[in-house]
Amino acid sequence: QVHLVESGGGLAQAGGSLRLSCAASGDTSSVRGMGWFQEGPGKERNFVAAFRWNGGRTYYADSVKGRFTISGDNGKKTVYLQMSSLKPEDTADYYCAATRTILSDNYYYFPANYDTWGQGTRVTVSS
């Protein structure tokens, strides 16, 4: 069993920055990758970024490339999402997810391929 706890959400102004953290606990040795998804008001849960522990490969949605950076600390089994140049449209609940499956690159983008989810943390960006 893996448990995820997110932190770091809050209020930011457009152009500002926030850093989200997601700490995994439990059977963390089974985790192969972790990702972030966003769910805006009345919207579907959309992929933001992902991190593959083996090799440190990263994946990004086009909407956040160049603005967000995902990274991982293997010792702490924590992933971070550094969010910069924030826009009002980044306002959403952000969910951390973990997969215990070895995924091909394209599969990191789909929420159905993750088996564990955190409770979410809210990010609000004001204009």
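Trainee: Are Phe37 and Phe47 buried or exposed?

Mentor: Phe37 is buried, and Phe47 is buried too. Buried means under 20% relative accessible area, exposed over 50%, and partly exposed in between, with a 1.4 Å probe and protein chains only. Keep in mind that this is a predicted model, where local features need pLDDT of at least 70, side-chain atom pairs count only at pLDDT 80 or more, and totals for chains, interfaces and linings use all residues. Residues are numbered from 1 along each chain as its sequence is written, and side-chain values use heavy atoms, with hydrogens and water left out.

Trainee: How many aromatic pairs are there in the whole structure?

Mentor: A pair of aromatic rings is described by the distance of the centres and the angle of the planes. Rings of Phe, Tyr and Trp (its six-membered ring) pair if their centres lie within 6.5 Å; planes under 30 degrees apart are stacked, over 60 edge-to-face, and the rest tilted. The search finds eight such pairs here. One of them joins Phe37 and Phe47, edge-to-face at 5.6 Å centre to centre with 75° between the planes.

Trainee: Which rings have their centres 5.0 Å apart?

Mentor: Those of Phe51 and Trp53, and their planes stand at 80°, so this pair is edge-to-face. Phe51 is buried at a relative accessible area of 8%, and Trp53 is buried at 13%.

Trainee: What lies over the face of Trp53?

Mentor: That is Lys77, 4.6 Å from the ring centre. A charge sits over a ring if NZ of Lys or CZ of Arg is within 6 Å of the ring centre and within 35 degrees of the ring normal. Likewise, the charged end of Arg45 sits over Tyr95, 3.8 Å from the centre of its ring.
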